Every structure is written in structure tokens, then in C-alpha cells.
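Me: I have a structure open here and have not looked at it before. Can you walk me through it?
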Amino acid sequence: MQEPYEKFLTGMYLQTGGFIPSIPLGQNVYPGDFFLIKNGEIIVLGNIFRKTIIDAETVEIEYNIKLDPANWVFSDGITKPYIGKEKGDNPFNGAFEISKLLIAFKDKGSYLFKGEAPLAVRIKNWSDIWQQLIIKLTQTVYSFRELYVVTHCATMDNWTLAVSSSKGAELKIATDSENVELADIFGHASSKLIQSKNLEFYHRQNSRKPTFFKAKKLVIKNEKLELLIAQLYNDSLHHSEWAENFFDRNFDTQSSNFPFNISSNYPLELLNMLHSNEFNPNSALQYFKWEDANLDDFEKLFSTH
């Protein structure tokens, strides 16, 4: 994902209580979709309700959850909004008046978003299925060690988004709306883009596409990470002694002053050190748990690995 969208993603996450947009923008994302974040994109691999990963009859899906509309109108770096009115005469419809809105964007990534009538769909009984999901996704159906699962999605009657590609971007809109609020004119059904400069993205969506979502992430339990790190540290203490006895060569095996540098920042690599009989369907719940995906996870969308 390109850098200009980072402010928008962060703003949406904070403003809406954890929702983010699908990447690429406009991609459909449904409750139960599982995905990875790689090379700046969300890669959907499947859905837990397909191919009997989870029996659909055991899951409760809650629909039409009303969200606070005020949380779905937000912006960053919008400057010098100008609203003017022009009058004209149409030979068929007579006199008319239109409003013209000029929006200036302060910096690269500045944005304006307006959504109307937001509703959510969610997996209501996540607490009933999370354990079998861990076992199936890491052991009996798949062998994932990192994964995200969508738990909520949000839709709107319509939404409009503009994102600047550089400093000094501008957007000019014409509308017959009588509203005087910037966001209301920007998101009005009659509003038409008539001119733009240095915009990275502008789009109006007029249907309830499931574009925004919340997710859970699969993580290794801290206590297991600490145990693995401790085991590796103990092994490292005797590494030079082992080398001196094993190799028929006069190595200098005195301990170095370099610190032990394995940490919990590399959980998946540490998990690879488990013996094959230690990690199985019976022990999977001892090693994994689910947490809410957060901004640290979605920062991966702005990296290339």
C-alpha cells in the first residue's frame, strides 16, 4: 500500500473504534475471511465458513448493528474550504442555483471521508469458536503460524473519500445541495467532481460494499515465548564448550562479550525450534491465542515484506 493512505487508515482506526479499510481500497471483506498482510496488501486466503472449517450451524452472525454516524465523518489536513453559490437559467427547468466547494489539502496524505448510515455485521459468538479455530487453522486443516480473521465488517448507504498525493492538492465540487457543512456537501448524492489537482484517490461508493472491517490475529502466548527464549539462552551458555569437544581443531572457544540477541520480536522463528512431537492438535491451545488486530499490525501495509 502506498504511503498517502497511511493517515487515512490511522484516522479511521482511531475514529471508528478499530475498523480499517480493505486494501486495495474497495476490495470486499466478509466476516470469517482469513488473510495475511504481505508486500503492502491484504491477501484474503479463504473463509472459515467455507469447506467446513467451521460448521456454519454453530455460528451466530449478527446483522444490522447500528454504528454512530458521527464516527464516520472525519478528515485530516483540510484547509481553506470555500463554498460559493452560482445562479443560472435553464430553458427547460427555469432558474437554478448551485453550490461550488473548493477543498485544499495541506500535505501529502491529507484526506476527507464522509459515510452515511453505517451498519455492522459481526460474528456474535466468537468465544464459542476461537479454540477450534486455533486447532484447525494451525494443525488439522492448515498449518498457519500467523493469520488474521475478520470478525466485523461495516457498510454504509454511501461513502466518499478523497486523499491527496502531494502538498497543495485541490478538489472542486459542484452540487445543488443546500447544506452549508463541508462534509455534507462533499458527501451529498448530487455532488459532482468538476476539477482536481494532485489527488491520489477520489471515489464515491453508492452501495453497501463490505469494505471496512475489524479482525483478530493469531499470536503466540507470552509465557511460551519466554520459555523458548530461556531454553535457547541456556543452550547458548554451553555452545562454546560443546564446540571445543566436538571439533578436531584449535578454535578459540572463550566466551565472547556479545549479548544474547534472541528476543520475543521473532516469535515464529522461535516456534520453529519446537520438536515435532511437542506441537500437535492437543497442545496447540497451549501455544496460541487470539488478540485484536491493531495499528501495529496494519503498519505492515506500508512496508514491502
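Me: What is the strand order in the open sheet of 4 strands?
Reply: This is a predicted model. In the open sheet the order is β5-β8-β11-β14, and the pairing is antiparallel.

Me: Which strands stand at the edges?
Reply: β5 (73–76) and β14 (199–205) do. Each has a single partner strand, so one side of each has no neighbour in the sheet.

Me: And what does the twist average from one strand to the next?
Reply: The twist averages 5 degrees.

Me: How many bridges join β8 to β11?
Reply: There are 6 bridges between β8 (residues 111–116) and β11 (residues 158–164).

Me: Which strands does helix α1 lie across?
Reply: Helix α1, residues 6–16, lies across β5, β8 and β11. Relative to β5, α1 runs at about 140 degrees.

Me: What about the hairpin, how many residues are between the strands?
Reply: The hairpin of β2 and β3 has 2 residues between the strands, and N39 takes a positive phi near 50 degrees.

Me: Now the whole chain. How many helices and strands?
Reply: The protein chain has 8 helices and 16 strands.

Me: How much of the chain is buried?
Reply: Of its 305 residues, 40% are buried. The accessible surface of the protein chain is about 17300 Å², with 47% belonging to carbon and sulfur atoms.

Methods
Residues numbered from 1 in each chain as written. Predicted model: local features only at pLDDT ≥ 70, side-chain atom pairs only at ≥ 80, totals over all residues. Heavy atoms only, no water. Pairing = 2+ DSSP bridges. Axes fitted to C-alpha atoms, helices over the stretch in contact; angles between N-to-C directions. Contact = heavy atoms within 4.5 Å. Buried < 20%, exposed > 50% of the residue type's maximum accessible area, 1.4 Å probe, protein only. Areas by Shrake-Rupley, 256 points an atom, 1.4 Å probe, with all protein chains shown as cover.
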